[in-house]
Amino acid sequence: LDVVPIYKNEKMEQNNEHYESAWYQRTAEIESLARDGIPIRERYQKEVDFVLDNCDLELKQGDNLLDIACGAGGHARIFAERTGANVEARDISATLIKQAREIEAIRGETQEVIHFETGDMGAIKGSLQEVKDFKAITCMGTSFMYLKSHEDHKRALKDYFDILEPGGKLVFQFRSWIAEEDGTDKYPEDDTEWMAEKELAVSQTQEGTTILIDKKVGDGEY
């Protein structure tokens with residue numbers, strides 16, 4: 001659910017609501033199946049399990065976790081399920097936060113409660129009604145790189161460290177495709193063989209947007 005293009009264009013820079021497309025969630029699923037061969041929720045589960053197994057977060061019930069650039073809550077929800085921690089989740093997209101809240105409403109009151117609010121990962125303290133001491137802050141899905149400048153990254157990191165409890169952990173995920181033996185990426189941008197294998201079609205619009213279409217179903221855009 002928290003999938004972003006691997007490049008930026010002028011239109012995207014001017015509009016944080018590029019997630020409003022009616023096809024966005026379906027496209028995220030197509031990309032996960034194409035790139036990773038697994039449904040998107042299963043990928044999120046594997047990514048969260050990797051963090052919990054390797055980052056020594058030691059999260060338990062009652063601890064505070066902040067998940068930034070949370071999208072529609074895919075990772076945040078699994079962190080809550082796996083650990084019982086109190087999860088604050090923030091994303092700059094009001095569309096994705098709305099979707100996250102709708103999913104929470106469907107899950108019902110018997111499940112873990114996650115607090116979803118809009119918030120810019122570059123100025124995260126402004127989105128917190130009260131500044132808690134967080135045992136961990138997570139930023140999944142290669143999101144942190146989308147801050148615009150080195151100064152933006154430094155300001156954001158200062159915010160994060162200000163709200164971490166002593167000994168708290170800051171976890172960033174940066175996705176990278178598996179390299180071939182010759183060092184090249186497994187899925188270079190100009191190689192569409194993997195797309196053909198997954199029965200995907202690719203086209204380029206005049207604006208330079210890459211379109212992924214599931215030929216079995218006939219939908220999707222990216």
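This report covers the sheet, the helix packing and the aromatic pairs of a predicted model.

## Basis

In this predicted model, local features need pLDDT of at least 70 and side-chain atom pairs count only at pLDDT 80 or more, while totals for chains, interfaces and linings use all residues. Residues are numbered from 1 along each chain as its sequence is written, and side-chain values use heavy atoms, with hydrogens and water left out.

## Sheet

Five strands make up an open sheet with parallel pairing, in the order S3-S2-S1-S4-S5. Strands (E, at least two residues) and helices (H or I, at least four) are DSSP runs numbered from the N terminus; two strands pair if DSSP finds at least two bridges between them. Strand S3 (114–118) and strand S5 (164–172) stand at the edges with a single partner strand each, so one side of each has no neighbour in the sheet. From one strand to the next, the twist averages 15°. Angles run from 0 to 180 degrees between N-to-C directions, and axes are lines fitted to C-alpha atoms, for helices over the stretch in contact.

Strand S1 (residues 64–68) pairs with strand S4 (residues 134–139) in the parallel sense over four bridges. Asp 67 has Thr 138 in S4 as its bridge partner.

## Helices

Helix H4 (residues 74–83) packs on the sheet and touches S1, strand S2 (86–91), S3 and S4, where contact means heavy atoms within 4.5 Å. The direction of H4 makes about 155° with that of S3. Helix H5 (residues 94–107) lies across S2 and S3, at about 160° to S3.

Helix H3 (residues 40–54) packs against H4 at an angle of about 55°, with the axes 9 Å apart. H3 and H4 are therefore oblique to each other (under 35 degrees is roughly parallel, over 145 roughly antiparallel, 65 to 115 roughly perpendicular, the rest oblique). Residues in the contact include Tyr 44 and Val 48 of H3 and Ile 78 and Phe 79 of H4.

## Aromatic pairs

Rings of Phe, Tyr and Trp (its six-membered ring) pair if their centres lie within 6.5 Å; planes under 30 degrees apart count as stacked, over 60 as edge-to-face and the rest as tilted. By this rule there are three aromatic pairs. Phe 144 and Tyr 160 form a tilted pair, 6.1 Å centre to centre with 55° between the planes. Phe 144 is in the loop between S4 and helix H6 (150–163) and Tyr 160 is in helix H6, so the pair ties together parts 16 residues apart in sequence.
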